[in-house]
Amino acid sequence: MRLLTVDDLRTTFRTDDGPVGAVDGVSLSVDAGQVLGIVGESGCGKSALSLSIMGLLPKSATITGSIRLGEQELVGLAGSELRQLRGDDMAMIFQDPMTSLNPVMRIGEQLIEAIRLHQRVSKAEARRLAVDGLAAVGIPSPEDRMRAYPLELSGGMRQRVMIAMALLNRPRLLIADEPTTALDVTTQAQILELMRELRREVDAAIVLITHDLGVVAELCDEVAVMYAGRIVERAPVAELFAHPQHPYTWGLLASLPGRSGAEERLYQIPGTPPSLLHPPAGCRFAPRCAFAMDACRTDPAPLLTATARAGSAVACRLDQTTRDREGVRLSGTEAER
Amino acid sequence: MVRFLIRRILGGIFVVLVVTLAVFVLFGPVLRWHSNISPARLYAGKNPSAEQIERVSALLGLDKPYYVQYGYTLKRLVLGPSQDERERVCPGSTAAECDQLLGRFGSSFAKQRSVDSLIWDHFPVTLSLTFVAAIMWLLISIPIGIISAIRPRSLFDRVSIVFVLIGQSLPVYYFGLLALYFLAYKLGWFPLSGYEPLSNPGQWLYHLLLPASVLALQFAAIYVRITRSQMLDTLSEDYVRTARAKGAGETRVVIRHAFRNAMLPIVTMFGLDLGLLLGGAILIEVTFGLQGLGWLAVQAAKRLDVPTTAGIVLFSAIIIVAANIVVDLVNASLDPRIRLE
Amino acid sequence: MSEPILRATGVRIGFPVTRGIVFQREVARVQAVDGVDLELRAGETLAIVGESGCGKTTLARGLVRLQEIDAGSIEFMGEDITRRSGRALQGFRRQVTMIFQDPIASLDPRMRIGQSVQEPLDIHSIGTPAERKRQVQEAMERVGLNPEHYNRFPHEFSGGQRQRIGIARAIVLEPRVIVCDEPVSALDVSVQAQIVNLLEDLQRDLGLSYIVIAHDLDVVRRLADRVQVMYLGRVVEEGAGEQIYQGPRHPYSHALLSARPIADPVRARSQTRVVLQGDVPSPLRPPAGCRFHPRCPVAQASCAQQDPQLVHAADGHGWACAYPLQP
């Protein structure tokens, strides 16, 4: 069942230097039970996209286009209606568990608040639900943890609390924004394992925002690659890693230190991402792209169109043969098998 | 927590000790050496003879070495005047009569009173003024600060910044005089000066309203600024975003999540300001003829009433130290990060 | 084999835990680094890996004498510099420099970047002002910065460029050794690759030796000739990079390697991984016996009593485990 449909979403921030188009015509959809990964580097607009969906943008931002949760249109919804959906039908997990919990409130108080904002239950009942929620995310002695303050818990435990809090009201859509980035590698493995278990149990659509292609490979069904406010490629996860279609994706894959052999030089994408204040005309990746043709720099950027590969779409002028050939060559996928 | 409290109290006692020593040295040897003012000469009245001065010296114990004098000053501060001194200063009077003449802080040169009784007479005025002003400035500044922070750069915010600038830059004596001239003298809305005890609450408030407003306006300016900047900081914290993501309404987000964190430094500042003001708001008290501790200090200094001046300094120091300890305790109870250090 | 350029023996670094109401006395010491040996040879890269709280950053600061060490010694080119101070330490500081994780926090925002890069030359009073400026421009060019940007401020640069400024500052003194504390972990993937390549180029061209402190095992694998794995202040495994990556012997190294997310959906989902339970214990009360035993998936009863020492095989691969994994 299609749960989230985003159509031609544009999110623009008003700044002193002029408007910044952080999200510039993004369309995507996620089904219930599916995990969509959104990958990109800092400043590509992936966080602005997730905040747009949640309706958590600052006042300086305006959005156009359409975001539908089930049948309900979210763009243009009144603040109070959106608020009722937030934390109930759609929930969010943030990057830094050290700062995302209120330092002067007990864990229990924060969990109970999340429940009672959306469910008409007694305090005692909410408390019982909160303890169950903590137990479900693998927190030992949850009764005791209810009385703890955030600073008494480790980073991994705090992230579990955040996950428990997001799941308390059984959301239909869960957005996880870099949920493991701030954690140590063994803690990250614990949280990834927890999320893998939970995705089987909760039948929610999950949008996973990350810069880490490793996390994508571990957890996602589908992937959308974002660059400078736009989705440049979208594919089922296996396809993306086996037959990447966009030159930017090739660059991302090739620059992963773990993928190429230790002897050869690490592939690097030249230059840096463009400023969204004055994005390049034409394809936004063209200035850094080794394959850019004149048309790429002058003509309007290509739209996301289906490729010959099943379920995948790319916004690039290169022909299919070149894309297949160069993708495999550059991103070193074949060599690794 | 108990350990923390004990450490703070011991620290406070140490600070008070240092202040007593400083006060003793300043008002004793330094005064004598610098201005050739001897307490005995002052106490002995106009144009005293050498013999009179010597008698007074013995009466006040000023003939003893300095360390003995300081030791006794400390002892008197803690335990009250010794029997020996009582007999020297007020021979033949009853204990109650003698208490009026001699106290822990010694006795005044200018009046036949103990410094203690002078302080206790004038302190309620300062206490009342501070209390009324504090309530006024909190009620004014915290809502303004919060609203400014919620809508930065709005018209409201800009007006409040102007208010802050005016409040901070107007000298309180000048502004006080303007207020007196227009509101009290020209319009007659407020009394020109004086204080009424709390036993008559209406008159009490009526007499305090104008001076407290002037004082409050000055402090409100500072508190608007700190509330605004603290709120701006906390409103951009991740946990505030988390609260919004939970679906909490804006009021709940602002009050329960943001303000609860933003008020911690405000509480600290408030405690310290209260301590400072309780030692006497000199300018306001003098401008409005309120006979509080600040007013008393000015009077005492004018008359070279050394024991009274020293007593007020010491009393203020004790209040400030106590305020510091209270602030720490309140902060620890509000903020688990301090409590669980 | 050549003499090590930098050698640390039995380094211990602790932080005091104080108690007391008026007079604070030290009641315990958190042993952040608890007896670490290391050797860095000329032209080599030694990586120190481990999770937060393992003591790797404290060790790095100790190695460059930014942190007093409690016990043990540090030798640089055969000379003991452990107790040196003042002028005597200056020579060492010219030869051993540092790159930090956060290029934003480690640059003075009000200083032009040329000045930032030049500051070490000023401190060590090297050359005339004209020579210093030339050296700065050379260093900037070498790290891929436009020397014409000498007069710009840090905020005008992207994260990757700022890290280049930090590297220029580290190489301007022409050091022998650079200690890199998480040099790329604050950077985006595509920029990470640029900096990793730059570090490799500089090593080749300038004959530098690196100590790289990192938590990202993949970056380490690219850069490092040898690797030391730390857990709770101690080295639990050391050896050539491939020895550890291909056949880790210590269960902790194995768990670290296994915990990495793999950027390959097929392998990521087919491999069985060891997920460690719980968190790293407090270094204030390290577990008795082997420090890793409470979280170790293959711990035996004796691990709770016996603290294993680092033992080395003939090929230099060493581990501190009573029941090492078979390669």
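The centres of domain 1 and domain 2 of chain B lie 34 Å apart, taken over C-alpha atoms. Domain 1 of chain B covers 2–109 and domain 2 covers 117–339; these bounds come from an automatic or database domain assignment. The model is predicted: local features need pLDDT of at least 70, side-chain atom pairs count only at pLDDT 80 or more, and totals for chains, interfaces and linings use all residues. Residues are numbered from 1 along each chain as its sequence is written, while chains are lettered from A and ligands numbered from 1 in the order in which they are written.

Two residues are in contact if their C-beta atoms, placed from the backbone, lie within 7 Å. Helices (H or I, at least four residues) and strands (E, at least two) are DSSP runs, numbered from the N terminus.

Now take chain B as a whole. Its secondary structure comes to 16 helices and zero strands. The C-alpha trace of chain B spans about 85 × 60 × 40 Å along its principal axes. Of the 341 residues in chain B, 35% are buried. A buried residue has 20 or more other C-beta atoms within 10 Å of its own, an exposed one has 12 or fewer, and a partly exposed one falls in between; C-beta atoms are placed from the backbone. Among contacts in chain B with a separation of 6 or more, 66% join residues 24 or more positions apart.

Look at one helix, α8 (residues 155–169) of chain B. In α8(B), B:S160, B:V164 and B:G167 are buried. Seen down the axis of α8(B), the buried residues fall within an arc of 70°, so they line one face of the helix. The arc is that of the directions from the helix axis to the C-beta atoms. An α-helix has 3.6 residues a turn, so residues three or four places apart point the same way. What covers the buried residues of α8(B) includes α7 (115–150) and α10 (201–235) of chain B. On the other side of α8(B), B:L155, B:R158, B:V159, B:V162, B:L165 and B:S169 are exposed.

Helix α9 (residues 172–186) of chain B also has a bend. A kink of about 25° is centred on B:L180. The bend at a residue is the angle between axes fitted to the seven residues ending there and the seven starting there. After α9(B) comes B:G188, with a positive phi near 70°.

Finally, turn to chain A. Its contact with chain C takes 36 residues from chain A and 32 residues from chain C. α8(A) gives the most to the chain A side, with seven residues. Chain A also touches chain B, with 24 residues of chain A in contact with 19 residues of chain B.
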